[in-house]
Amino acid sequence: PLYTATDLGNGKRLPAVIAQVGTVEISSQQFVRDVTISRYNNTQRGLGMTESQIEQAALAQLIREAALKDRAKKEGIVVTDKQVHAFIEAQASQRAAFFAANPEARIEFEALLAGRHLASAAAYDADPETASSIRDAMLATALVSKHVGVRAGLSVRDAYAQSVVAAAVIHIYMTI
């Protein structure tokens with residue numbers, strides 16, 4: 001894989017594609033985004049995670065998401081643009097109400113936006129990366145619901161997701 005000029009802020013250079021899960025590629029940009037958010041959460045919440053733990057958790061989450069997306073695609077599960085945009089609109093309304101009652105949460109959200117070089121919540125809502133992430137989450141939810149039911153508990157849903165990851169063909173092109 002080709003290397004990018006982007007690193008993790010610690011000098012570590014990353015291949016353009018850091019992993020492939022089935023037919024789904026995980027880009028270095030996705031990894032850097034998730035590590036950046038995890039670093040922020042680690043600092044803000046005083047979690048005490050090491051840099052290696054942050055990177056491992058981010059990679060594990062991206063692999064899980066990619067495995068579910070790949071399986072959903074193979075099973076013909078589709079989420080339409082209309083569904084994604086409806087979700088984004090509903091999320092924006094809920095976010096506005098939540099921030100009105102929780103100004104500290106607005107400040108944290110704005111800091112995360114700044115980390116993604118987005119100037120406002122509206123820019124976040126319009127960002128193609130946001131739509132892509134929401135679509136992937138909706139695909140995963142639809143897949144898990146199809147196999148374990150919409151009323152299944154979190155542990156059952158997690159167990160199914162782990163079985164999908166365990167069955168996936170995973171290639172990782174970086175070291176942590």
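Is Glu-75 buried, partly exposed or exposed? Glu-75 counts as partly exposed, at 27% relative accessibility, where buried means under 20% relative accessible area, exposed means over 50%, and partly exposed lies in between, with a 1.4 Å probe and protein chains only. Before selecting anything else, note that this is a predicted model, in which local features need pLDDT of at least 70 and side-chain atom pairs count only at pLDDT 80 or more, while totals for chains, interfaces and linings use all residues. Residues are numbered from 1 along each chain as its sequence is written, and side-chain values use heavy atoms, with hydrogens and water left out.

**Stop 1**

Helices (H or I, at least four residues) and strands (E, at least two) are DSSP runs, numbered from the N terminus.

Select next Asp-136 and Lys-69, whose side chains meet in a salt bridge at 3.4 Å, N to O. Asp-136 lies in helix 6 (residues 128-148) and Lys-69 in helix 2 (residues 51-74), so this pair ties together parts that are 67 residues apart in sequence. Asp-136 is buried, with a relative accessible area of 19%, whereas Lys-69 counts as partly exposed at 21%.

**Stop 2: a network of charges**

Now select Arg-33, Asp-34 and Glu-129, which are linked in a network of salt bridges. Within it, the side chains of Arg-33 and Asp-34 meet at 3.0 Å, N to O, and both residues are buried, Arg-33 with a relative accessible area of 16% and Asp-34 at 15%. The structure holds 9 salt bridges in total.

**Stop 3**

Turn to the 3 strands that form an open sheet in the order 4-3-5, with antiparallel pairing; two strands pair if DSSP finds at least two bridges between them. The edge strands, each pairing on one side only, are strand 4 (24-27) and strand 5 (170-172). From one strand to the next the twist averages 15°, with axes being lines fitted to C-alpha atoms, for helices over the stretch in contact, and angles running from 0 to 180 degrees between N-to-C directions.

Strand 3 (residues 17-21) pairs with strand 4 in the antiparallel sense over 4 bridges, and Val-17 has Ser-27 in strand 4 as its bridge partner. Helix 1 (residues 28-45) packs on the sheet, touching strand 3 and strand 4, and its direction makes about 55° with that of strand 4. Helix 2 also packs on the sheet, touching strand 3, strand 4 and strand 5, and its direction makes about 155° with that of strand 4.

**Stop 3: Leu-8**

Finish at Leu-8, placed in the loop between strand 1 (3-7) and strand 2 (13-15) and buried, with a relative accessible area of 2%. Leaving aside neighbours within four places in sequence, Leu-8 is in contact (heavy atoms within 4.5 Å) with Leu-14, Phe-31, Val-32, Val-35, Arg-39 and Glu-55. Of these, Phe-31 is 23 residues from Leu-8 in sequence and 8.8 Å from it in space, C-alpha to C-alpha.

Note on methods
A salt bridge is a side-chain nitrogen of Lys or Arg within 4 Å of a carboxyl oxygen of Asp or Glu.
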